[in-house]
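Take a moment to look over the chain and its fold. The report below walks through the sheets, then the helices that go with them.

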Amino acid sequence: MSAALKVHHLDCACIQRLRLHGRRLACHCLLIETPSSGLVLVDTGLGTQDFVDPARRLGLTFTYVYANPKRDPSYAAVHQIRKLGFDPADVRHIVMTHMDLDHVGGLADFPNATIHLHARELDACRARRTWKDKKRYLPVMWAHEPRFEAYSEEGEPWMGFESIRSLRGLPPEILLVPLFGHTLGHCGVAVSDRRGWLLHAGDAYFDAREVHGPDRQCAWMVGGFQAIVQTKRAERLRNQDRLRRLTTEHPEVRVFCAHNPWELEAMRGEATGAARGPFPHAGLAAAMRGA
Ligand SMILES: [Zn+2]
């Protein structure tokens, strides 16, 4: 394994309504520099079109009830990628944790990118079987008819989790790790960079205390939200237990979710060299307890 990938941590939406210990939520996406597959995004957050008329594109419930996203187009991944000195046209692949609206809003800003996801998630977002699915999966986000690559065949396990390896056209250091529950085909994305493995756990949890420390704890607001939007409660909680085992048995793996602003800061600090040593799971959980 070459471990040559370089990972940038982007914040691609500011969720102002839902709070975690009083703080606004982030939308943590990854931009990965690869040697032979161009740039790879993990999730997109909100895109340029979402900031033009959020209520119309994202719906009234998301815009006014759950999120009230900050109307600041500089959060769009495409602008951040340009600011980093890259050409957005070099984003050739996007790996999705799941297809919820706040994760796919930016897909249309990368019309030529191939979208990699679990087959169960692609089926769910196309079928939109339930009322809840109709609110969360918005076909307008993929109306540009991108190419999808869907997977269900599992390969060698990763850290005790099922894993989907050999994503087509992507280096072997990027894997899908099924973490079903939030949505039917929700996955984490494991990436090996120069420091070792990291796991973007998507929306498998929100509050770091759900997966760190001996007992599960969760702030009431994000706890309630997760309960409302989940599709399989038992699977979601079982996967949090498995993630807790991972953070205990493999403290060297940097585990973070999509919306936790403390985790985003920790990962950005690490990327810029501000934080050294193992990923501060314990410190994070303690900081949030005291928050
Ligand atoms: Zn989300």
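## Reading the model

Helices (H or I, at least four residues) and strands (E, at least two) are DSSP runs, numbered from the N terminus. Two strands count as paired if DSSP finds at least two bridges between them.

What you see is a predicted model, where local features need pLDDT of at least 70, side-chain atom pairs count only at pLDDT 80 or more, and totals for chains, interfaces and linings use all residues. Residues are numbered from 1 along each chain as its sequence is written.

## The six-stranded sheet

Start with the open sheet of six strands, ordered S1-S4-S5-S6-S7-S8, whose pairing is mixed. S1 (6-11) and S8 (148-151) are the edge strands: each has a single partner strand, so one side of each is left without a neighbour in the sheet. On average, neighbouring strands here are turned by 20 degrees against each other, direction ignored. For angles, axes are lines fitted to C-alpha atoms (for helices over the stretch in contact), and values run from 0 to 180 degrees between N-to-C directions.

Within this sheet, S5 (residues 39-42) and S6 (residues 91-95) run parallel and are joined by four bridges. Val-42 stands opposite Val-95 in S6.

## Helices lying across it

H5 (residues 119-127) lies across S7 (114-118) and S8, at about 100 degrees to S7. H9 (residues 261-271) lies across S1 and S4 (28-33), running at about 145 degrees to S1. Contact between two residues means that their C-beta atoms, placed from the backbone, lie within 7 Å.

## The four-stranded sheet

There's also an open sheet of four strands, in the order S9-S10-S11-S12, again with mixed pairing. S9 (174-178) and S12 (254-256) stand at its edges with a single partner strand each, so one side of each has no neighbour in the sheet. The twist averages 20 degrees from one strand to the next.

S11 (residues 196-200) pairs with S12 in the parallel sense, over three bridges. His-200 has Phe-256 in S12 as its bridge partner.

## A closer look at Leu-198

Leu-198 lies in S11. Is Leu-198 buried or exposed? Leu-198 counts as buried, because it has 22 C-beta neighbours inside 10 Å; the cut-offs are 20 or more other C-beta atoms within 10 Å for buried, 12 or fewer for exposed, and partly exposed in between, with C-beta atoms placed from the backbone.

Leaving aside neighbours within four places in sequence, Leu-198 is in contact with Val-191, Asp-193, Val-253 and Arg-254. The C-alpha atoms of Leu-198 and Val-255 are separated by 5.9 Å, although these residues are 57 residues apart along the chain.
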